[in-house]
Amino acid sequence: MTEPSRAEALVAGATLREKGHFYESFVVGQVFRHHWGRSVTEADAVLFTTLTCNSNPLYFNREYALAHGHRDLVVNPLLVFNTVLGLSVEDLSEVGGPFVGIDGLDYGVAVHPGDTLRAESETMAVRLSRSNPDNGLVTWRTRGFNQRDEQVVEFVRTNIVRKRDAREHFV
Amino acid sequence: MTRIAELTGNDNYFEDFHVGQRMRHARGKTVDVTENVLITNMVMNTAHAHFNADVMAGTRFRERLSFGGVNLSLAIGLASQDTSENALADLGMDKIRLRAPVVHGDTLYAFSEVLEVRDAERPDAGVVRFLHCAVNQRDEIVFEGERMVLVKRRSHWGDK
């Protein structure tokens, strides 16, 4: 029997660094200022738009966007929405289940390549699920802003969120 | 010099939409790692249900789930040539519901219905409100939602 290597000892002895929040962490009125932020590049914007088969040239043809009064390509608002939602996931829904619905999704000022997005959310509603005792339902209003603090998107999201003592884990 | 009106279709200006019009869009797209994992990671979504096949093998889903934001964006994309190719702006969405999980290999097809057409604050465009949905290869609805689009009027933009 050989001595465990340093790496084997590390794997055997490591403590899990948990991420995310359980249902019990959410109370109405709490505010999250989400991590990281994200600068949106032209590559992000055009790749997202072409991969999702979106055919509005404002989102991939600079000359067309300029001819419509924009200073550059317009970043597809669905990428803005997805990025702001993505930045909110660790705080809001990483240990949850799938998101159930989005209401009141409104786009704000146009986003252009090079702009930097950040996200914040407020908890709007917290309720237990009668049909699904391992999980609750939580609703948040999430807002995204650019580097000038102009609002670029807002929406209300409802998610299934796991309780700390859930018997069956989604993941 | 290309005229800008030559870059887009001529059957999808504001004047072409009427309430009750229902459209089945021509192309479907199969969701794969390229769509789900790439976009999920690109937008900083940290939920590894979308990108960790090992952990998902131990769940009732057995495999990675495509991120709902990707599914709805693809549905809108598949609908876009007929509904917003001549849009000046996407204004927003509402009543978005994700009805069924999507996994790699599923193919999405999009449908749209015109719910409302109205004047905009500017004279060169109007607002169209659509109901969109997407079905998978088994005709199960995976997404539905409303979307508001500011669409050019042919009267102002058709000869630009």
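In the predicted model, residues 24 or more positions apart account for 74% of those contacts in chain B that have a separation of 6 or more. Of the 160 residues in chain B, 46% are buried, and the C-alpha trace of this chain spans about 60 × 35 × 25 Å along its principal axes. The secondary structure of chain B consists of four helices and six strands, which follow the pattern β-β-α-α-α-β-β-β-β-α when read along the sequence.

Between the two chains, 39 residues of chain A are in contact with 43 residues of chain B. On the side of chain A that touches chain B, the elements that give two or more residues are α2 (42-51), α3 (62-67), α4 and β3 (99-107) of chain A, and the residues of this side divide by class into 20 nonpolar, twelve polar and seven charged.

Helix α4 (residues 77-92) of chain A and helix α3 (residues 68-83) of chain B have axes that come within 10 Å and cross at roughly 175 degrees; because angles over 145 degrees count as roughly antiparallel, α4(A) and α3(B) are therefore described as roughly antiparallel to each other. This contact is made by Leu78(A), Asn82(A) and Leu85(A) of α4(A), together with Gly69(B), Ser73(B) and Ile76(B) of α3(B), and by class it has three nonpolar, three polar and no charged residues.

Strands also link the two chains, in that β3(A) is joined by four bridges to strand β3 (residues 87-98) of chain B, the two strands running antiparallel. Within this pairing, Gly101(A) has Arg97(B) as its bridge partner in β3(B).

Note on methods. Residues numbered from 1 in each chain as written. Chains lettered and ligands numbered in written order. Predicted model: local features only at pLDDT ≥ 70, side-chain atom pairs only at ≥ 80, totals over all residues. Axes fitted to C-alpha atoms, helices over the stretch in contact; angles between N-to-C directions. Parallel < 35°, antiparallel > 145°, perpendicular 65-115°, else oblique. Contact = placed C-beta atoms within 7 Å. Nonpolar A, V, L, I, M, F, W, Y, C, P; charged D, E, K, R; others polar. Pairing = 2+ DSSP bridges. Buried ≥ 20, exposed ≤ 12 C-beta atoms within 10 Å, placed from the backbone.
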